[in-house]
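Here is a short tour of one chain. Keep the sequence and the 3D view open side by side as you read.

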Amino acid sequence: MTKIKLVRIYEHEQPLGYRILVDRLWPRGKSKKDANLDEWAKEIGPSTELRKWFNHDDTKYSEFRQKYMNELDHNPVTAAFIAKVKDKLVEQDVLFLYGAKNKKHNQAVVLKEYVDQKL
């Protein structure tokens, strides 16, 4: 069964699947060739204001999660993004690639939870 997987873009060992970078900003120090992306969905990432406010502060994660889900509810690209993920899952795993160091508290975790709820 195929599924959405969260993968830090800097990890050396990466699973196979449809590769979507879900960060609004390009990961520092990563070349576009090395990233080997199928897609860069920067519009699905949290707004610049929300990203700067959160600043990867674990104490703000719960509030960040709620605010980001609210942004996803009102983002005009969300429905098309979810439809594409659903289509790709028919054939293969979908990898949500992100750059954050914290693997538990980042926007890709929230995005996966959101998309899983909608599928």
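D93 and K5 are joined through their side chains by a polar contact of 2.9 Å. The model is predicted. D93 sits in the loop between α4 and β4, the strand of residues 94-98. Is D93 buried or exposed? Its relative accessibility is 14%, so D93 counts as buried, the cut-off being under 20%.

The surroundings of D93 can be listed by residue. Neighbours within four places in sequence are left aside here. D93 then touches M1, T2, K3, K5, L16, G17 and Y18.

## Q107, a buried residue of α5

Q107 belongs to helix α5. Its relative accessible area is 10%, so Q107 is buried. Which groups does the Q107 side chain reach? One is the backbone oxygen of V22, at 3.2 Å. Another is the side chain of D23, in a polar contact of 2.3 Å.

Beyond four places in sequence, the contacts of Q107 are V22, D23, G45, P46, F64, Y68 and Y98. Two of these, F64 and Y68, are in α3 and take part in the contact of α3 with α5. Q107 is on the α5 side of that contact.

## α3 against α5

Two packed helices are described by the angle between their axes and the distance between the axes. Helix α3 covers residues 61-74, and helix α5 covers residues 107-118. Their axes come within 10 Å and cross at roughly 50°. The two helices are therefore oblique to each other. The crossing of α3 past α5 is right-handed.

From α3, the residues in the contact are Y61, F64, R65, Y68, M69, L72 and D73. They meet Q107, V109, V110, L111, E113, Y114, Q117 and K118 of α5. By class, this contact of α3 with α5 holds nine nonpolar, two polar and four charged residues.

## α4 against α5

Helix α4 runs over residues 78-89. How do α4 and α5 lie, and at what angle do they pack? The angle is about 75°, and the axes are 10 Å apart. Angles of 65 to 115 degrees count as roughly perpendicular, so α4 and α5 are roughly perpendicular to each other.

T78, F81, I82 and V85 are the α4 residues in this contact. On the α5 side they meet L111, Y114, V115 and K118. The classes are six nonpolar, one polar and one charged.

N55 lies in the loop between α2, residues 48-54, and α3. Its phi is near 50°, a positive value in a residue other than glycine. N55 is exposed, at a relative accessible area of 57%.

H56 is found in the loop between α2 and α3 as well. H56 is not a glycine, yet its phi is positive, at about 55°. With 52% relative accessibility, H56 counts as exposed.

S31 is in the loop between β2 (18-21) and α1 (32-35). S31 is partly exposed, with a relative accessible area of 31%. A polar atom of the S31 side chain lies 3.0 Å from the backbone nitrogen of D34.

K104 is placed in the loop between β4 and α5. K104 is exposed, at 66% relative accessible area. Its contacts beyond four places in sequence are Y61 and V109. K104 and Y61 are 43 residues apart in sequence, but 9.7 Å apart in space from C-alpha to C-alpha.

E43 is in the loop between β3 (39-40) and α2. At 41% relative accessible area, E43 is partly exposed. Leaving aside neighbours within four places in sequence, E43 is in contact with R24, N75 and V77. E43 and K101 are 58 residues apart in sequence and 21 Å apart in space, C-alpha to C-alpha.

Note on methods: Residues numbered from 1 in each chain as written. Predicted model: local features only at pLDDT ≥ 70, side-chain atom pairs only at ≥ 80, totals over all residues. Heavy atoms only, no water. Axes fitted to C-alpha atoms, helices over the stretch in contact; angles between N-to-C directions. Helix = DSSP H or I, 4+ residues; strand = E, 2+ residues; numbered from the N terminus. Parallel < 35°, antiparallel > 145°, perpendicular 65-115°, else oblique. Left-handed = near helix turned anticlockwise from the far one by under 90°. Contact = heavy atoms within 4.5 Å. Nonpolar A, V, L, I, M, F, W, Y, C, P; charged D, E, K, R; others polar. Buried < 20%, exposed > 50% of the residue type's maximum accessible area, 1.4 Å probe, protein only. Polar contact = N/O pair within 3.5 Å; in protein donor to acceptor, adjacent residues only side chain to side chain.
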